[in-house]
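Thanks for coming. I will go through one structure, starting with the terms and then moving to a few residues and helix pairs.

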Amino acid sequence: MCHMSACAFLSYVSIVFMKLVPLQPIKSRPQFLKIATLSVVFCGSVVGGNISLRYLPVSFNQAVGATTPFFTALFAYFMTFKREAWVTYAALVPVVAGVVIASGGEPGFHWFGFIMCLSATAARAFKSVLQGILLSSEGEKLNSMNLLLYMSPIAVLVLVPAVLIMEPNVLEVILSLGKQHRYMWLLLFINSTMAYSANLSNFLVTKHTSALTLQVQYLLPSSSLIF
């Protein structure tokens, strides 16, 4: 919620006050519904991934996450009818097979954690394809900063009830940490600002390459963590 609040605020400042890019209005109801869907799916992917970490080791979580390009290629085909070269699809088969093998031999395997992790992975892939449509489609094209401006407040509205339900004492904890640790507020601000930069970069990569390229790029740090 802090990250999405920072994204909304910094996007607004960058567009309205600094005028880094022109403000683009939402053109239609279907476009708004796609942006709202993107926000909800984004929240689901992040929350689902965090929940799975309570039940699965980080290394196995990242191994399952390595199947994101497979889901991305699948969603891209069904949503945009975009077909990749057969070599691309063939290269994804060993990744999926490896996760199946790893699941059978993982001593810390937990079914609920696995389902949440796989759901978060599929949601992340769906989000990438949908944001690619919003950033590149001729009828609905938005620049990266405007998409972040519209997506973030909706995500905040989705996350506020989740925070109140799942973390009912969160305000007390934050205030307590703020008193105990001198630089807590500064670190939270830096962390949220970096999240804005990461999300904006995410959109820019998708716009100028493709959703599949974005997800393959994520495999590099994940592979380093696994090994």
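First, a term: helices (H or I, at least four residues) and strands (E, at least two) are DSSP runs, numbered from the N terminus. The model is a predicted one, in which local features need pLDDT of at least 70, side-chain atom pairs count only at pLDDT 80 or more, and totals for chains, interfaces and linings use all residues. Residues are numbered from 1 along each chain as its sequence is written, and side-chain values use heavy atoms, with hydrogens and water left out.

With that, W111 sits in helix 6. Is W111 buried or exposed? Buried means under 20% relative accessible area, exposed means over 50%, and partly exposed is in between (1.4 Å probe, protein chains only). W111 has a relative accessible area of 60%, so it is exposed.

A125 is in helix 6, which covers residues 111–136. With a relative accessible area of 0%, A125 is buried. Contact here means heavy atoms within 4.5 Å. Leaving aside neighbours within four places in sequence, A125 contacts T68, F71, T72 and F75. Between the C-alpha atoms of A125 and F70 there are 8.4 Å, and the two are 55 residues apart along the chain. K127 is also in helix 6, and at a relative accessible area of 6% it is buried. What does K127 touch, not counting residues up to four places away in sequence? The answer is L38, V41, F42 and N202.

Now the whole protein. It has 10 helices and zero strands. Of its 227 residues, 40% are buried. Among contacts between residues at least 6 apart in sequence, 82% join residues at least 24 apart.

Next, helix pairs. Two packed helices are described by the angle between their axes and the distance between the axes. Axes are lines fitted to C-alpha atoms, for helices over the stretch in contact, and angles run from 0 to 180 degrees between N-to-C directions. Angles under 35 degrees count as roughly parallel, over 145 as roughly antiparallel, 65 to 115 as roughly perpendicular and the rest as oblique.

Helix 2 and helix 6 have axes that come within 8 Å and cross at roughly 150°. The pair is therefore roughly antiparallel. The crossing of helix 2 and helix 6 is left-handed; that word applies if the near helix is turned anticlockwise from the far one by less than a right angle, and right-handed applies if clockwise.

Helix 2 (residues 29–52) also meets helix 7 (residues 144–166), with axes that come within 8 Å and cross at roughly 45°. That angle makes helix 2 oblique to helix 7. This crossing is right-handed. Residues of helix 2 in the contact include F32, I35 and F42, and those of helix 7 include L147, Y150 and M166.

Last, the record. The unreviewed UniProt entry lists "transmembrane region" for residues 6–23, 59–79, 86–103, 109–126, 147–165 and 185–205. UniProt positions are in the numbering used here, feature names are shortened, and annotations may be inferred rather than shown by experiment. In the model, residues 6–23 are 67% helix and 0% strand, with end C-alpha atoms 18 Å apart. Residues 185–205 are 100% helix and 0% strand, and their end C-alpha atoms lie 30 Å apart.
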